[in-house]
Amino acid sequence: FLTLLAPALALVAVFLIIVFAFLVPLFEQNHLEQKYELCHELVEAAISGLESNRAEVAAQGRPVFEVQYHAAERLRGVRLGDEGNIYYWVIGPDGRFLMHPYRPDLEGRDPAEVAAPDGAMLAGLMDQIKRAAEPGGGGMVAYRWQWTDQRDQVMDKVSYVALYEPWGWIVGTGVYIDDVKSEMAALRGRLVVAGLLMTALGAGLALLFSVRTARLQHRMTVTHAQLAASEEHLRITLQSIGDAVIASDTDGHIQQ
C-alpha cells in the first residue's frame, strides 16, 4: 500500500510546491497590477468627465465655478468595490484637498498645518502626489491612509493620480494593499483545501489499486496452488496404475 501511495503523495507535493512557490505569487502580482490598471482607468474616466463638463460650460455659458462644484460633488458620491472602499478624491490648484469623501475636514486646509492619518504632516503626501501627477501624464503613489471613514485604522494604499490641466485639479483613486492580501489569503485557503482533496483522492486511488492488486495476487496464488495440487494428484494417480497409459486426442490419435 505504501509503495503505491508514495507516488500519489509525491504528485500532490509537487502540485502544492508549484502552486504556492510559483503560481500564487504570479497570480498575486497580476491581481495587484489589475487593481492598478483599474485605478488608472477610473481616473481617466473622471478626467474625461471633467472635460465634458468644461465643454458644457463653453457651450452654455454657465459659470465655471458652478460646473466645478457639481463635478466635484458628483465624484464625491462615487463608491466602488465590495465595501465601497474605492472612491475619488480631488486636490485643487492651491495644493489643498478640494474634495475628499471621507475627510471633508481636510478640504481647504493648509497641508502644512494638518496631519495625515499616518501622523505625518499632510504636506509631505501632497508633494509626493504633485510629483506623480505630472502635466500630460499620471502615476502611482504609495502611502498610508485611513480605511474609508475609520480614522483609527490606517493601512497601506496605492493610488493613481493625474492632473486635469484646464482646471489645475489632481484627481486620484486607489486600492488598499490589505484588500489584495485578504483576497490572496482566501485563494491560498481554497488551494489548501484543493490540495487536501487531491491527497485524499490520491490515497483513495492508491488504496483501491492496492486492494485490487492484493486480490489479484491472492487469486493467482490460489490458482497456482490448485494447479500444482492437480498436477501432483495426477502424477500420483499415474504412478499408482500398473498398466500402461496411452494418451490420445479426440480423433483417437496417440499423443504419447
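Mentor: Helices (H or I, at least four residues) and strands (E, at least two) are DSSP runs, numbered from the N terminus. This is a predicted model, where local features need pLDDT of at least 70, side-chain atom pairs count only at pLDDT 80 or more, and totals for chains, interfaces and linings use all residues. Residues are numbered from 1 along each chain as its sequence is written, and side-chain values use heavy atoms, with hydrogens and water left out.

Trainee: What does the protein chain have by way of helices and strands, and in which pattern?

Mentor: Four helices and five strands. Along the sequence they run α-α-β-β-α-β-β-β-α.

Trainee: Why is threonine 148 called buried?

Mentor: Buried means under 20% relative accessible area, exposed over 50%, and partly exposed in between (1.4 Å probe, protein chains only). Threonine 148 has 6% relative accessibility, so it counts as buried. Of the 256 residues in the protein chain, 32% count as buried.

Trainee: Where is threonine 148, and with which residues is it in contact?

Mentor: Threonine 148 sits in the loop between β3 (138-147) and β4 (150-164). Contact means heavy atoms within 4.5 Å. Leaving aside neighbours within four places in sequence, threonine 148 is in contact with Gly84, Asn85, Tyr102 and Tyr176.

Trainee: What makes the pair of threonine 148 and aspartate 149 a polar contact?

Mentor: A polar contact is a pair of N or O atoms within 3.5 Å; within protein, one must be able to donate a hydrogen and the other to accept it, and residues adjacent in sequence count only if both atoms are side-chain atoms. The side chains of threonine 148 and aspartate 149 are joined at 3.3 Å, so by this definition the pair counts.

Trainee: Which residues line the largest pocket?

Mentor: Among them are Lys35, Asn85, Tyr176 and Glu183. α4 (177-240) gives the most to this lining, three residues.

Trainee: Which residues line the largest cavity?

Mentor: The lining includes Tyr87, Trp89, Phe97 and Lys157. α3 (122-132) and β3 each supply at least two of the lining residues.

How values were computed: 1 Å grid on protein atoms, 1.4 Å probe; cavity = no way out; pocket = protein on both sides within 12 Å on 5 of 7 lines; lining within 4 Å.
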